[in-house]
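Please read the following account of a single protein chain alongside its sequence and coordinates.

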Amino acid sequence: MKLLVQQLVAEALATMVAAGEADAQSLPALADIAVERSSGGEHGDFACPLAMSLARVLKRNPRLIAQQIAGHL
């Protein structure tokens, strides 16, 4: 299941690149997208801290990056 979530996030990132919302060189490879089990179930079963790490690279608010990724899922 983690691999499926990882692949879906990678596809969302590819859609962001196609929409001009991110540069392909600044995005991580599939293997570098961390997907973890959530510590609490109130926010879902899995967590992906990708937006936090991309915030520095894309020079954007991590919440906005997370919303963009979620919008493309």
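This is a predicted model: local features need pLDDT of at least 70, side-chain atom pairs count only at pLDDT 80 or more; totals for chains, interfaces and linings use all residues.

Residues are numbered from 1 along each chain as its sequence is written, and side-chain values use heavy atoms, with hydrogens and water left out.

Helices here (H or I, at least four residues) and strands (E, at least two) are DSSP runs, numbered from the N terminus. In soluble globular proteins, nonpolar side chains tend to be buried together. Leaving aside neighbours within four places in sequence, L50 is in contact (heavy atoms within 4.5 Å) with V9, L13, P28 and I69.

**Helix 2 and helix 3**

The axes of helix 2 and helix 3, which are lines fitted to C-alpha atoms over the stretch in contact, with angles that run from 0 to 180 degrees between N-to-C directions, come within 8 Å and cross at roughly 115°. From helix 2, the residues L50, A51, M52, L54, A55 and L58 meet P62, I65, A66 and I69 of helix 3. The residues of this contact divide into ten nonpolar, no polar and no charged, where Ala, Val, Leu, Ile, Met, Phe, Trp, Tyr, Cys and Pro count as nonpolar, Asp, Glu, Lys and Arg as charged, and the others, Gly among them, as polar.

**Individual residues**

The table lists relative accessible areas, for which buried means under 20%, exposed over 50% and partly exposed in between (1.4 Å probe, protein chains only).

| Residue | Relative accessible area | Class |
|---|---|---|
| Q6 | 13% | buried |
| A10 | 23% | partly exposed |
| S26 | 19% | buried |
| E36 | 39% | partly exposed |
| K59 | 73% | exposed |

Q6 lies in helix 1 and, residues up to four places away in sequence not being counted, touches L30, A31, I33 and V35. A10 is also found in helix 1, and its contacts, with neighbours within four places in sequence left aside, are L30 and I33. A10 and L27, although 17 residues apart in sequence, are 9.2 Å apart in space, C-alpha to C-alpha.

S26 lies in the loop between helix 1 and strand 1 (36–37), where a polar atom of its side chain is 2.7 Å from the backbone oxygen of D23. Beyond its neighbours within four places in sequence, S26 is in contact with L54, V57 and L58.

E36 has its place in strand 1 and touches K2, D45, F46, A47 and P49, residues up to four places away in sequence not being counted. E36 and V5 are 31 residues apart in sequence and 9.8 Å apart in space, C-alpha to C-alpha.

K59, in the loop between helix 2 and helix 3, has a positive phi of about 55° although it is not a glycine. Most residues other than glycine have a negative phi.

How values were computed
A polar contact is a pair of N or O atoms within 3.5 Å; within protein, one must be able to donate a hydrogen and the other to accept it, and residues adjacent in sequence count only if both atoms are side-chain atoms.
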